[in-house]
Amino acid sequence: MAFPHLSIRLGLVALVAVLGGACTDSPPEQRATPDVDQVDPSGQSIVFWYQHTREREAGLQEMIADFNRTNEYRITVRGEYAGDYDNVYNKMIVGLQGGTVPDLLVAYQNQARAYYAAAGIVPLDPYIESARWGLSAASRADFYPAFLRQDQVDGVQICFPPNRSMEVLYCNLDWLAELGYDHPPRTWDEFAQMCREARRRPFSRSANKSRSLGFLLDIDASRLASLVFGHGGDLVTPAQDAYTLDTPQMRAALSFIGQLVREGCVEQLGEQYGDQREFSVGQVLFALRSSSSLPFFASAIHHGGIGFQWDVAPLPSVTGTPVVNVYGASLVVARTTPERQLAAWLFIKWFTEPEQQARWVRVSNYFPVRRSAAAALADYLAENPQFRSAYRLLEYGHSEPSLAGYQQVRRMMQEAMVGILEGDDIDRTLARLQRRANSTLEDEYRRAARAE
Amino acid sequence: MLLASFMTRGETLRRALWPQRLQWGNYADAWREADFGLYFKNSLIIAGLQVGGTLLFSVLAAYPLARMRFRGRELVFGCILATLMIPESVTMVPNFLTITWLHRSTPFAWLNSWPALTVPFMVSAFSIFLLRQFMRSQPSELWDAARIDGAGHVRFLFQILLPLCRAPLLTVGMFTFIGSWNALAWPLLVTNTPDWRPISVGLQQFVSEAGAEIHLQMAGACIATMPVLVAYFLIQREFTEGISASGLKG
């Protein structure tokens, strides 16, 4: 019998456990990358696994076709949809065991770290620095440094950013005006006050005035990370050698949102994209989502919803300076042959050129990773004011941990989040969360020590 | 799900109870946008092969466990039952490694082909158990009479016993069909192109990382569910009978 859909997540847990064991038994082997300047990528055919569907997939396939047609080395990239991020990870981890890996694939930083630990991908520094195939100093300086840093492990570039998105607060400006505000919330107190007033005074154009809320909280580690960043905290130490999940900032973030839940002006999200749906019909004042959802929000509000003025803003920050959670999957190059690896890098290099970046932004609504792409996007920014608002926040980006076990920790964070919102003791829950999260790091250290 | 599949996007967003006008176009859009034609055909082939294979191997395994006496029979049956306790997701890696090995070691292409999608699931402990229980419940006089008429085990199985097993066979077929129809993780693992992928992959196209179009998603879900519903309606009497006869009823 086949695998029922509902068991996939459980399956992934089991799979990670099995492969975790496999990684423990066989120490990672980081073979030396040959001198890439001497490698000839001509005529290589490579496979690229991605997670995009529909319009994004169509746009990406067009770009791939252009690359195949125009690159001077006759490299052929074959783009293949490999399921969502979890499916891609699953496929790659299993593929590493069976020796059936693609040449290029999308990966979140923590996933890339797991591949790297299993010697399944190659570091990209030799390619970036190559005199023949690499990026010039000016090109490198053109990338947002934070994005490149996000993709490094101990100073090694294990993946490369093709795009980024960030968590932004979607605000119903017309409703805020009805409540007497002419701006999105600037402080947490103001955010709380707006939520309370939204509960008391439904939006005049709401589709259902009997339901009026300030905010719908998605039980998700990235949402929690954004709240913690806004309260001046972080999830890990600056050196990323320990989790910092039992901190006054984490306590403040969860207590704050817990209080609003108890007051009834914030509720836990019960259905996937329910916040997007309720926001579009004027039942929820704010929604916290990825900026990549901008076209979905716009379409929901104006082609199905009730139509109103809206914008995006950063979450309030206790420091006064916005801190936005910037994330996004990157590209990794699988360990195959020097020729294929180089061909994969050349595709990455082409894809991150400013003109291709501008093209990809138009297709995907992701943010570009290079500053110079903005020049080619002037008209797009003018036509998409919400995208422009979010784009301006890029310099305030802060990222979540890029540790191999972070996927596991995310689940722990979500469990703790639900527990605390449902009345568990916050001190005990956070102390346990901290202990469990750090134990995943200890496992990683043990594996690394054995490998050495 | 059915009502939402006929709504406009606005109606799904507003949580309307009933569509103002039936949006038949949602079905056409869903069919076109997710290339359901191809996925539908693939799913039918995969389910057909899997049902056929499961029935064949389950019958051949259940019969000796039910009707033949040999040393270690109960132990073999116990081992088969014990495999029911292994989560299927745990078998994913070994199955994949086996398929990869076969792909490399035999002249046949296993990856990106029907065998990879069907062969690992053609043996089902649950199906063997279900059929064995039913076969055991048949009177031994049948076998005695068949022996007197000169029939051996093969003839007895295919000419006498199997026609009596219609209900459990249809039940096994139905369970296998549903499992195969809903499969997503395994097909994604062993295939790389839409040419081999089932309808669940098509359905996944409507849920992106950034948002969902519920009306199209529901239309797609209705399309994907329809064959299972039709199959169930056609065999519901035998299905219930099969479950009852195997002693699985609550």
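Leaving aside its neighbours within four places in sequence, which residues is A:Val318 in contact with? The contacts are A:Trp188, A:His231 and A:Gly232, where two residues count as being in contact if their C-beta atoms, placed from the backbone, lie within 7 Å. This is a predicted model, in which local features need pLDDT of at least 70 and side-chain atom pairs count only at pLDDT 80 or more, while totals for chains, interfaces and linings use all residues. Residues are numbered from 1 along each chain as its sequence is written, and chains are lettered from A and ligands numbered from 1 in the order in which they are written.

To stay with A:Val318 for a moment, this residue sits in the loop between strand S10 (310-313) and strand S11 (324-327) of chain A. Helices (H or I, at least four residues) and strands (E, at least two) are DSSP runs, numbered from the N terminus. A:Val318 is partly exposed, as 16 other C-beta atoms lie within 10 Å. On this scale a residue is buried if 20 or more other C-beta atoms lie within 10 Å of its own, exposed if 12 or fewer, and partly exposed in between, with C-beta atoms placed from the backbone. The chain also brings A:Val318 and A:Gly230 together: they are 88 residues apart along the chain, yet 6.3 Å separates their C-alpha atoms.

Another loop residue of chain A, A:Tyr108, lies between strand S3 (104-107) and helix H4 (109-117). A:Tyr108 counts as buried, with 20 C-beta neighbours inside 10 Å. Residues up to four places away in sequence aside, A:Tyr108 touches A:Tyr85 and A:Ala329. From A:Tyr108 to A:Tyr396 it is 288 residues in sequence and 20 Å in space, C-alpha to C-alpha.

Two loop residues have backbone angles worth a look. Most residues other than glycine have a negative phi. A:Gln240, however, is not a glycine and has a positive phi of about 55°. The loop that holds A:Gln240 runs between helix H10 (221-230) and helix H11 (248-263) of chain A, and A:Gln240 is partly exposed, with 16 other C-beta atoms within 10 Å. In chain B, the phi of B:Asn112 is near 55°, again a positive value in a residue other than glycine. B:Asn112 belongs to the loop between helix H6 (92-105) and helix H7 (114-118) of chain B and is partly exposed, with 15 other C-beta atoms within 10 Å.

Chain B, for its part, has 14 helices and zero strands. Its C-alpha atoms fill a box of roughly 70 × 45 × 30 Å along the principal axes, and 43% of its 250 residues count as buried. Of the contacts in chain B with a separation of 6 or more, 75% involve residues 24 or more positions apart.

What about the inside? As for A:Cys195, its partners beyond four places in sequence are A:Gly214, A:Phe215, A:Leu260, A:Cys265, A:Val266 and A:Leu285.

H4(B) also packs against other helices of its chain. The axes of H4(B) and helix H8 (residues 125-136) of chain B come within 8 Å and cross at roughly 45°; axes are lines fitted to C-alpha atoms, for helices over the stretch in contact, and angles run from 0 to 180 degrees between N-to-C directions. H4(B) and H8(B) are therefore oblique to each other, given that angles under 35 degrees count as roughly parallel, over 145 as roughly antiparallel, 65 to 115 as roughly perpendicular and the rest as oblique. Residues in this contact include B:Thr54 and B:Ser58 of H4(B) and B:Leu131 and B:Met135 of H8(B). With helix H11 (residues 166-182) of chain B, the axis of H4(B) comes within 9 Å and crosses at roughly 140°. That makes H4(B) oblique to H11(B). Among the residues that meet here are B:Thr54 and B:Ser58 in H4(B) and B:Phe177 and B:Trp181 in H11(B).
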